[in-house]
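Open the model in your viewer and keep the selection panel at hand. The stops below say what to select next and what is there.

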Amino acid sequence: MEDVLYWVFSLVLLGAVFAYMYIKDKEQSVRVAKFVSAVEDMSKELHYIKKELLSRENLDEDYNNELLKNEMQIMLEKEVAGKILPILKSLQGMEHIIERFQNEQQERILSLEQKAQSMSKLTPNYDAEEQKIIDLFKAGRSIEQIAKDLRIGTGNVELVLKFKKIIK
């Protein structure tokens, strides 16, 4: 019953993580759409400025063209700095939030896995435990190392090995 509750809780937690990521993705999409709109507006403004530049034929073309080109460059840089940099800063903040959230969820999952493992250790499987003791002993581990690894007493390890006639 506890295993089922554990799995249900894990699935609900996983669903919450995906929902949070989905919401943040939608927010990001809205910001990108605003950015695209701002770029289109700047493109339109640039087009109108170019038209205005062509209509001023009576001024010294070379001099005016150079001045307007510099002004457009400055205006464009200001627009970009004013609209794109806040969006980039916001995106970086979102990345940090998502990373922090993912790290928290990863820690929670690890904690749940450790709790599940400790819960399974409360109801030992003696046949599997005996086999682990035999396997570890055959692998060259000492009785003390086996007891420490399996978190059982050295007397239990010796009893199993003597019962299975592996040691005298």
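**Stop 1: a pocket**

About 170 Å³ of space lies in the second largest pocket. A pocket here is an open set of points on a 1 Å grid over the protein atoms alone, where a 1.4 Å probe fits, with protein on both sides within 12 Å along at least five of seven lines. A cavity is a set of points where the 1.4 Å probe fits but cannot get out, and lining residues have an atom within 4 Å of a point. Grid points are joined across faces, edges and corners, and a volume is the space filled by probe spheres set on the points.

Before going on, note that this is a predicted model: local features need pLDDT of at least 70, side-chain atom pairs count only at pLDDT 80 or more, and totals for chains, interfaces and linings use all residues. Residues are numbered from 1 along each chain as its sequence is written, and side-chain values use heavy atoms, with hydrogens and water left out.

Select the lining of this second largest pocket: Tyr6, Trp7, Ser10, Leu11, Leu13, Leu14, Val17, Gln105, Ile109, Leu112 and Glu113. Two elements, α1 and α2, each give two or more residues to that lining. Helices (H or I, at least four residues) and strands (E, at least two) are DSSP runs, numbered from the N terminus. The largest share, seven residues, comes from α1. By type, the lining of the second largest pocket divides into eight nonpolar, two polar and one charged. Ala, Val, Leu, Ile, Met, Phe, Trp, Tyr, Cys and Pro count as nonpolar, Asp, Glu, Lys and Arg as charged, and the others, Gly among them, as polar.

**Stop 2: glutamine 105**

Now pick glutamine 105, in helix α2 (residues 61–122). Is glutamine 105 buried or exposed? At 5% relative accessibility, it counts as buried. Buried means under 20% relative accessible area, exposed over 50%, and partly exposed in between (1.4 Å probe, protein chains only). Show its contacts (heavy atoms within 4.5 Å). Not counting residues up to four places away in sequence, glutamine 105 touches Leu13 and Val17.

**Stop 3: along α1**

Select residues 2–55 for helix α1, which has 54 residues. From first C-alpha to last, α1 reaches 79 Å, close to the 80 Å expected at 1.5 Å a residue. That expected span is 1.5 Å times one less than the number of residues. Colour the buried residues of α1: Ser10, Leu13, Val17, Lys24, Gln28, Ala38, Met42 and Leu53.

- Leucine 5 lies in α1. At 51% relative accessibility, leucine 5 counts as exposed. Draw a C-alpha distance to valine 80, 75 residues away along the chain: 52 Å.
- Methionine 21 is also found in α1. Its 32% relative accessibility makes methionine 21 partly exposed. Isoleucine 98 is 77 residues from methionine 21 in sequence and 7.7 Å away in space, C-alpha to C-alpha.
- Leaving aside neighbours within four places in sequence, glutamine 28 is in contact with Leu91 and Met94. The C-alpha atoms of glutamine 28 and isoleucine 87, 59 residues apart along the chain, are 9.9 Å apart.

**Stop 4: a cavity**

How many cavities of 30 Å³ or more are there? The count comes to one. The largest cavity has a volume of about 100 Å³. Select its lining: Met42, Glu45, Leu46, Ile49, Met72, Met75, Leu76 and Glu79. Both α1 and α2 give two or more residues to this lining. The lining of the largest cavity has six nonpolar residues, no polar and two charged.

**Stop 5: the largest nonpolar core**

Move to Ile133, Ile143, Ile146, Ala147, Ile152, Val157, Val160 and Leu161, the eight residues of the largest nonpolar core. Helices α4 (143–150) and α5 (154–163) each give two or more residues to this core. A nonpolar core is a set of buried Ala, Val, Leu, Ile, Met, Phe, Trp, Tyr and Cys residues joined through side-chain atoms within 4.5 Å.

Asparagine 156 lies in α5. Its relative accessible area is 43%, so asparagine 156 is partly exposed. From asparagine 156 to isoleucine 133, 23 residues apart along the chain, the C-alpha separation is 9.6 Å.

**Stop 6: arginine 151**

Finish in the loop between α4 and α5, where arginine 151 is found. Arginine 151 has a positive phi of about 60° although it is not a glycine. Most residues other than glycine have a negative phi. Arginine 151 is exposed, with a relative accessible area of 66%.
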